[in-house]
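Have the model open as you read along.

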Amino acid sequence: MRPHNARSAGRTNRRRAGGNRGEALAFYGFVSPWVIGTAVLTVFPVGYAFYLSFTAWDGIAPFKPWVGLDNYREVLTSPDTLSSLSKTLLLVAIIVPTTIVGSLLLAVLLNERVRGRTAFRTLIYIPAIVPPVAASLIWKVAFDQNSGAVNRLLRPFGVDAVSWLTGNRAFVVLVIVLLWGVGAGIIINLAALQTVPVEQLEAVKLDGGGALLAFRHVTLPVISPVLLFQTVLVTITTLQTFVPALLLSPISDGVSNVYTNIPNANRVYMVDVYSQFFAYSRYGYGSAMLTIFFLVIVALTVLIFKLAGRSVFYAVDPNAATKEG
């Protein structure tokens, strides 16, 4: 009986092994489009850009002169590049807290049971689904000096036509365009507010606490993971601001359609990268700028998690598995 049992066990193990291999093949088959897409559209371009950052390639010549770390030295010492980075960080300092606090306050108001709540939610969310290109062009027309709606509204008050898209005013318009899509954050916060335990809010009221106390000690801790996620997301998105800053400027080269007449106030970092690539054909230098900018984004993300992560409340300890191990 033992030999027969051994043969049966062997056949069972082979079937299991064959089944496991089939499941593994099915798994890799399903994930292969994502893996291939990531490798072709992300890993290879990033690696190639990193290689170009050590060259002085002009984007046309087949030969790519090797310059080593010269591009990185120039990026870290160039007044123009450092100026564009400072404008980008200033934009982050304005947009991120305004977006987080503003979307949270509006979400709290829209979470109350009032008449027309659904209509208000829809109206506030509509700007968030407008493509960035269309939104930028809409605001560009609205702030046009000659025929813009903003100057027309100011005319009855005796205000002469203002050139909004030039000088330092262009930065103000850029901030308005970026804040116009705050509705996306409101929807996320509304969903988070639905998870706040009602019994805990009622318990605070029974103990004599007001709405502000309940919001501080109950609502904020519960939605803190969502606020942390939004902070990271808005920070990264704002750092990569490009389309609005570009499209709010006129095209000065009608042949190649390259934006070169960009107001200095709107020359944020990604616009500077665009100029290096397409206006000056400095592909190596632009690639070095992107590499350094990637490190800046990673550093800011880690900093946010270090500073804000300690005050985030998780219903389930994310380090529980590590502690048990």
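Let's start with Phe44, which is exposed, at a relative accessible area of 56%. This is a predicted model, and a search of the whole structure turns up 16 aromatic pairs. One of them joins Phe44 to Tyr48: the ring centres are 5.9 Å apart with 15 degrees between the planes, and the pair is stacked.

Both residues belong to helix H1 (residues 2-52), where Phe44 and Tyr48 are 4 residues apart, or about one turn of the helix. Tyr48 has a relative accessibility of 32%, so Tyr48 counts as partly exposed.

## A tilted pair across the chain

Next comes Trp57 with Tyr283, whose ring centres lie 5.4 Å apart; their planes meet at 55 degrees, so this pair is tilted. The two partners come from distant parts of the chain, 226 residues apart: Trp57 sits in the loop between H1 and helix H2 (70-77), and Tyr283 is in helix H13 (residues 283-308).

Is Trp57 buried or exposed? Its relative accessibility is 13%, under the 20% cut-off, so Trp57 counts as buried.

## A cluster of rings

Phe44 and Tyr48 are joined with Phe50, Tyr51, Phe54, Trp66 and Tyr72 into a cluster.

## Charges over rings

Which residue places its charged end over the ring of Trp57? That is Lys64, at 4.7 Å from the ring centre. Elsewhere, Arg282 lies over the face of Tyr285, 4.3 Å from the centre of that ring.

Methods. Residues numbered from 1 in each chain as written. Predicted model: local features only at pLDDT ≥ 70, side-chain atom pairs only at ≥ 80, totals over all residues. Heavy atoms only, no water. Phe/Tyr/Trp six-rings, centres within 6.5 Å; stacked < 30°, edge-to-face > 60°. Helix = DSSP H or I, 4+ residues; strand = E, 2+ residues; numbered from the N terminus. Buried < 20%, exposed > 50% of the residue type's maximum accessible area, 1.4 Å probe, protein only. Lys NZ or Arg CZ within 6 Å of the ring centre and 35° of its normal.
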